Amino acid sequence: MGENKPGPSGRMLSEQAFLTEAPLLRELDGRLRAARTLVDWAIVRAQQGLYLARTSRLDEGLRIPGEIRARFTGQEDPEVFFWIWLAEGVLDHYRSGGSRSLGLLMRAQAVATAMRRDDLAQYAAAWIANAHFHDDDFAQTFDWLLRSGLHEAQVPEAACRASMVAAIALQTCREDARAAVWFGRVRDIARRIGDRASIMASIENRAMMRLDRLWLEWSRGAAPSYTVAEIETELLGALQYERVTGSEAFLHQGEVARIRLHVLRGELDEAWTRIGQLRDAGAGENFSTVRASQVLRWWLAVRTGADAAGVALSPDEAARLIAG
């Protein structure tokens with residue numbers, strides 16, 4: 001991660017400076033100030049919401065669709081409708097795990113198709129594939145990935161998202177080598193457009209999935225696919241970049257992952273101490289992450305003889321979840 005990347009005005013930035021400055025967000029800020037029409041302003045503002053959805057600034061992003069609607073008072077241009085629904089779908093995905101996201105994304109895709117905007121239709125398709133993958137509907141995931149144009153999509157952000165979904169799908173299927181190729185495409189596209197959040201997500205998603213596999217193998221007594229050390233180096237390095245750059249999209253997940261790493265090394269007392277310091281995830285946090293922290297708390301309490309009072313899960317439910 002030591003190579004230089006193009007920055008503002010064509011100057012070259014070190015990798016660390018590139019990550020710190022988030023060139024894509026700075027570019028959107030500049031385009032917003034230069035917007036000459038209300039439509040131009042709305043499109044850029046929605047694009048800011050799409051970026052903020054993928055970082056620790058989700059609450060700020062959630063206000064944007066309402067802000068745009070208030071300016072148009074029901075007289076939105078069709079393209080503005082597309083961007084509002086796309087932003088709302090992505091924001092909902094990160095807020096609640098996708099309870100409404102698919103319907104909103106399908107609306108956006110329908111508008112793009114009606115306008116004969118293949119570029120926008122591909123962008124919506126990439127996020128629709130993402131939503132279907134999240135719902136374990138792999139046939140639809142594959143179909144919508146093809147519609148997105150994958151890494152050759154006309155909109156770089158669409159190519160980046162589609163490549164991310166393809167990479168995660170391949171990693172899930174234990175196709176590590178092929179997944180690495182697609183994660184590499186994510187990072188290449190993201191560096192080209194200055195999308196720091198996608199660079200971080202490509203590293204963290206891969207590390208988290210490798211940790212999930214190692215955790216499952218450990219719990220079943222199977223031969224490990226990876227070592228704790230190689231996952232720790234990859235994951236904790238990325239999380240440290242997040243703290244430096246202030247874009248802690250994986251903040252709570254990262255805290256849970258650290259505890260799991262302690263457990264895998266047999267450091268149960270340290271794991272129990274850290275889980276006692278775990279911040280409240282809050283209602284907006286991904287449910288699976290909240291549940292993982294609760295299960296870990298019960299499991300560690302049983303193993304260390306500590307008190308797990310206040311955890312929402314019953315001991316029986318925790319035992320069933322641990323057993324898979």
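Student: Why is Ala87 called buried?

Tutor: In this predicted model, local features need pLDDT of at least 70, side-chain atom pairs count only at pLDDT 80 or more, and totals for chains, interfaces and linings use all residues. Residues are numbered from 1 along each chain as its sequence is written, and side-chain values use heavy atoms, with hydrogens and water left out. Buried means under 20% relative accessible area, exposed over 50%, and partly exposed in between, with a 1.4 Å probe and protein chains only; Ala87 has 3% relative accessibility, so Ala87 counts as buried.

Student: Which residues does Ala87 touch, and where does Ala87 lie?

Tutor: Ala87 lies in helix H6, residues 78–96, where a helix is a DSSP run of H or I with at least four residues, a strand is a run of E with at least two, and both are numbered from the N terminus. Not counting residues up to four places away in sequence, Ala87 touches Ala46 and Leu50, contact being heavy atoms within 4.5 Å.

Student: What makes the buried residues of H9 line one face of the helix?

Tutor: The buried residues of H9 (residues 138–148) are Thr141, Trp144, Leu145 and Ser148. Seen down the axis of H9, these fall within an arc of 110°, so they line one face; the arc is that of the directions from the helix axis to the C-beta atoms. On the other side of H9, Ala139, Phe142 and Leu146 are exposed.

Student: Which helices do the buried residues of H9 pack against?

Tutor: They pack against helix H7 (101–114), helix H8 (118–134) and helix H10 (156–172).
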